[in-house]
Amino acid sequence: MDFMDKVGIIGAGAWGSALAFHASTRFREVVVWAYEREVVDEINHQHENRTYFPDIRLPDNIRATSSLSDCLQDAHMVFSVSPSYVFRSVMCGANEHIPRNVPIVSATKGIEADTLLTMSEVLQDILPPEYHKQIAVLSGPSFAREVAMKHPTAISVGSKNEQVAVEVQNALSDQVFRVYTSTDMIGMEIGGALKNVIAIASGAIDGLGFGSNTMAALITRGLAEITRLAVKKGANPLTMAGLSGMGDLVLTCMGGLSRNRQVGQKLGRGEKMRDILRGMRQVAEGVHTARSVQKISAQQGVEMPISEMVFRMLYEDLPAKQALEELMGRTLKKELHL
């Protein structure tokens with residue numbers, strides 16, 4: 001197995017920590033940037049990130065830093081894993097430290113609230129033009145804890161530059177982590193961001209006490225509206241049948257580790273969003289993305305009824321039961337209506 005020298009990972013949340021854990025088997029040095037000083041100290045001195053993986057020891061070749069320069073200097077590959085709502089500010093700080101001619105991989109699933117840009121589009125907005133050909137995105141069904149526990153996982157890396165996608169594929173793939181390549185970055189990012197919104201709806205269904213029939217309908221129709229928007233944005237519709245489309249959607253809607261699903265469950269049980277947020281250390285991405293999708297669907301003229309109901313549950317206190325009744329009472333139409 002060929003090892004690369006150094007990878008810089010920007011973000012020490014659950015997914016950033018899981019990527020660091022996996023990358024430690026593929027890179028000689030893994031340097032993780034963390035905003036919180038206590039997280040840096042914990043990783044460096046106890047070799048743990050107790051907030052996310054209290055029972056998993058991090059390998060010795062992982063270290064943490066609060067310096068973006070230290071994280072990125074001489075890195076052979078860069079992963080950006082900051083939450084979408086701070087992605088721009090963090091990457092603006094990282095901009096001057098990113099080495100030339102190395103893959104710059106966004107592993108953040110979300111849409112920027114003000115600009116409605118995907119994370120790769122934010123990178124293009126921030127980085128000088130000569131860096132654009134190095135941008136890639138990583139997406140697919142991958143709960144962080146299961147990656148850290150070495151459960152077999154398959155995901156996709158997308159880049160307009162196929163050489164960059166293959167480089168990332170080769171760097172990350174092993175017997176428990178299989179990476180496929182794609183050139184459909186926008187399709188992967190729309191699928192990866194919007195599945196979090198549908199997952200909130202899936203949690204609400206569970207919280208209301210409904211079963212498999214209802215869940216199957218929700219996932220299928222959720223995929224239909226994600227596909228409508230993705231195609232309108234120029235994506236290949238087949239991407240929505242792949243790992244970063246249907247694969248990630250099923251995982252996030254059905255898996256017990258999904259924070260978005262957990263938010264929906266509480267909404268389904270009648271809890272108010274403001275009370276749910278008080279009890280969360282880390283906000284589920286779907287809460288932010290629902291607001292962005294509300295704007296995008298109106299901007300693009302794309303009908304997205306499930307996402308609309310999630311927005312209203314989150315921001316207008318629409319009861320989950322009423323949201324479901326409104327969805328079921330909509331005008332009848334053909335299944336393949338676009």
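Predicted model: local features only at pLDDT ≥ 70, side-chain atom pairs only at ≥ 80, totals over all residues.
Sorted by class, the lining of the second largest pocket consists of 17 nonpolar, four polar and eight charged residues.

The largest pocket has a volume of about 1400 Å³. Among the 48 residues lining the largest pocket, Ala-14, Trp-15, Tyr-52, Arg-259 and Gln-282 are the closest to its centre. Two or more lining residues come from each of α1 (14–23), α4 (84–94), α6 (144–148), α8, α10 (243–254) and α11, with α11 giving the most, namely five residues. The lining of the largest pocket divides by class into 24 nonpolar, 15 polar and nine charged residues.

Helix α11 spans residues 259–268 and includes Gln-265. Gln-265 counts as buried because its relative accessibility is 13%, which falls under the 20% cut-off. Leaving aside residues up to four places away in sequence, Gln-265 touches Gly-203, Ala-204, Asp-206 and Gly-207.

The largest cavity holds about 50 Å³, and its lining is formed by Ser-106, Thr-108, Lys-109, Val-137, Leu-138, Ser-139, Met-188, Glu-189 and Gly-192. At least two of the lining residues of the largest cavity come from β6 (135–139), and at least two from α8 (185–208). The second largest cavity has a volume of about 40 Å³ and is lined by Phe-21, His-22, Val-147, Lys-150, His-151, Thr-153, Val-176 and Phe-177.

| Cavity | Volume | Lining residues by class |
|---|---|---|
| Largest cavity | about 50 Å³ | three nonpolar, four polar, two charged |
| Second largest cavity | about 40 Å³ | four nonpolar, three polar, one charged |

As for the cysteines, the structure holds zero disulfides. Cys-71 is in no disulfide, and the nearest cysteine sulfur, which belongs to Cys-92, is 16 Å away, whereas a disulfide requires two cysteine sulfur atoms within 2.5 Å. Cys-71 is buried, with a relative accessible area of 0%, and Cys-253 is likewise buried, with a relative accessible area of 0%.

Turning to the overall fold, the protein chain contains 15 helices and eight strands. The radius of gyration of the protein chain is 19 Å, close to the 20 Å that the globule rule gives for 338 residues, and the chain is therefore as compact as a globular protein of that length. Taken along the principal axes, the C-alpha atoms fill a box of roughly 60 × 40 × 35 Å. Of the 338 residues of the protein chain, 55% count as buried. Among contacts between residues at least 6 apart in sequence, 71% join residues at least 24 apart.

Notes
Residues numbered from 1 in each chain as written. Heavy atoms only, no water. 1 Å grid on protein atoms, 1.4 Å probe; cavity = no way out; pocket = protein on both sides within 12 Å on 5 of 7 lines; lining within 4 Å. Points joined across faces, edges and corners; volume = space filled by probe spheres on them. Helix = DSSP H or I, 4+ residues; strand = E, 2+ residues; numbered from the N terminus. Nonpolar A, V, L, I, M, F, W, Y, C, P; charged D, E, K, R; others polar. Buried < 20%, exposed > 50% of the residue type's maximum accessible area, 1.4 Å probe, protein only. Contact = heavy atoms within 4.5 Å. Rg over C-alpha atoms; globule rule 2.2 N^0.38 Å.
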